[in-house]
Amino acid sequence: MKRFFLLVTALTALGFGSEAPADPLKIVATTSDLAAIAKAVAGDKADVRSICTGKEDPHMLQAKPSVILQARDADLWIRIGLELEIGWEPPILDGSRNTRIRVGTKGHLDASESVLVLDVPQTTITRAMGDVHPMGNPHYWLDPLNGRRIAGAIAERLALIAPNDADTFRSNAAAFQRALDERMFGIEALKDRDAGTLWQKLERGEDIPKLGGWAAAMAPLRGGRIVTYHKSWVYFANRFGLNVVAELEPKPGVPPTAAHLAEVAETAKADGVKIILQEPFYSTKAANQIAEKTGARVVVAANSVGGQPEATDYLALMDQIVKHVTETI
């Protein structure tokens with residue numbers, strides 16, 4: 001018996017009797033932007049995958065068998081919500097047979113519940129109006145403040161799923177938020193100032209001493225008028241004080257028509273539009289036509305992580321959008 005006790009003690013000291021390390025959590029996000037923020041929050045505690053690569057229109061994805069297999073093993077499913085995924089999320093969740101990530105469970109996180117939502121229709125929605133989202137515009141990740149909020153929501157949900165690592169998730173989220181604040185306002189502006197106060201000042205259009213970062217870079221364009229291809233830039237424009245006066249699509253999700261582009265050209269001329277902003281996965285043919293008639297500059301910028309080579313994570317995504325928009329100021 002004594003020899004057995006000594007053997008057990010020795011094996012335990014060598015690690016043979018200790019508890020095996022837990023496998024990383026499996027997170028599946030519907031978009032590359034949510035996945036990028038989830039990676040920043042989860043760190044090495046999770047394997048994070050994205051359904052949309054950032055080079056695709058998220059409205060048009062399909063429920064591929066490979067994606068259903070990913071969802072089958074997921075501990076956490078994160079969606080944009082506001083019906084962005086309405087055409088392909090249900091078949092994936094149903095096909096996965098994973099009860100942990102069903103709507104209403106702790107393994108299903110709708111990120112839209114934590115953000116500021118714009119463009120909520122005030123009238124009855126019909127299909128004749130195009131691809132209008134009745135709960136609001138779903139492209140909210142293009143507002144950096146919403147990116148900040150999403151990180152906090154993911155941290156709290158992961159803390160609920162894996163409480164032993166809650167402190168790590170919250171610490172990682174705080175670090176991500178600090179990095180985002182510094183990119184938004186610059187390090188100097190944040191010295192001896194609370195980030196929340198700076199966000200409020202920006203919202204009210206008040207001066208911020210020693211302002212740097214994205215806010216300073218975009219300041220010369222504040223109040224300017226732009227044209228976009230799709231209604232996907234509303235949040236970016238709102239955060240940085242731009243006015244979207246027209247879209248190249250006559251209705252959301254409907255390709256440009258000659259008659260509509262003629263109207264857009266007239267509007268752009270009358271309003272002095274200098275920028276036509278669109279994503280890489282749309283053809284630039286219509287934008288170039290308007291540019292030729294108005295002298296506006298066509299800006300092609302990824303609106304999701306992975307949409308262009310330099311958009312490697314969420315902060316880099318916002319870096320490249322600001323760079324493309326401001327490069328000729």
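**Close-up views of charged and aromatic pairs**

E89 counts as buried because its relative accessibility is 5%, where buried means under 20% relative accessible area, exposed means over 50%, and partly exposed lies in between, all with a 1.4 Å probe and protein chains only. The views come from a predicted model, in which local features need pLDDT of at least 70, side-chain atom pairs count only at pLDDT 80 or more, and totals for chains, interfaces and linings use all residues. Residues are numbered from 1 along each chain as its sequence is written, and side-chain values use heavy atoms, with hydrogens and water left out.

**View 1. R79 and E89 are joined by a salt bridge.** A salt bridge is taken here as a side-chain nitrogen of Lys or Arg within 4 Å of a carboxyl oxygen of Asp or Glu, and by this rule the structure has 17 salt bridges. Between R79 and E89 the distance from N to O is 2.7 Å, and the pair links distant parts of the chain, with R79 in strand β3 (residues 76-79) and E89 in helix α4 (residues 89-96), ten residues apart. Helices (H or I, at least four residues) and strands (E, at least two) are DSSP runs, numbered from the N terminus. R79 is also buried, at 18% relative accessibility, and a network of salt bridges links R79, E89 and D110.

**View 2. D181 and R148 meet in a salt bridge.** The distance from N to O is 2.9 Å, and because D181 lies in helix α6 (residues 166-185) and R148 in helix α5 (residues 144-161), the pair ties together parts that are 33 residues apart in sequence. D181 is buried at 4% relative accessibility, whereas R148, at 22%, counts as partly exposed.

**View 3. R239 and E203 meet in a salt bridge.** Their N to O distance is 2.8 Å. R239 is buried at 3% relative accessibility, while E203 is exposed, with a relative accessible area of 52%.

**View 4. W233 and F236 form an aromatic pair.** Rings of Phe, Tyr and Trp (its six-membered ring) pair if their centres lie within 6.5 Å, and planes under 30 degrees apart count as stacked, over 60 as edge-to-face and the rest as tilted. The structure holds seven aromatic pairs; the one between W233 and F236 is edge-to-face, at 6.1 Å centre to centre and 85 degrees between the planes. The rings of F236 and F240 have centres 4.9 Å apart and planes at 50 degrees, so this pair is tilted. Both F236 and F240 lie in helix α10, four residues apart.
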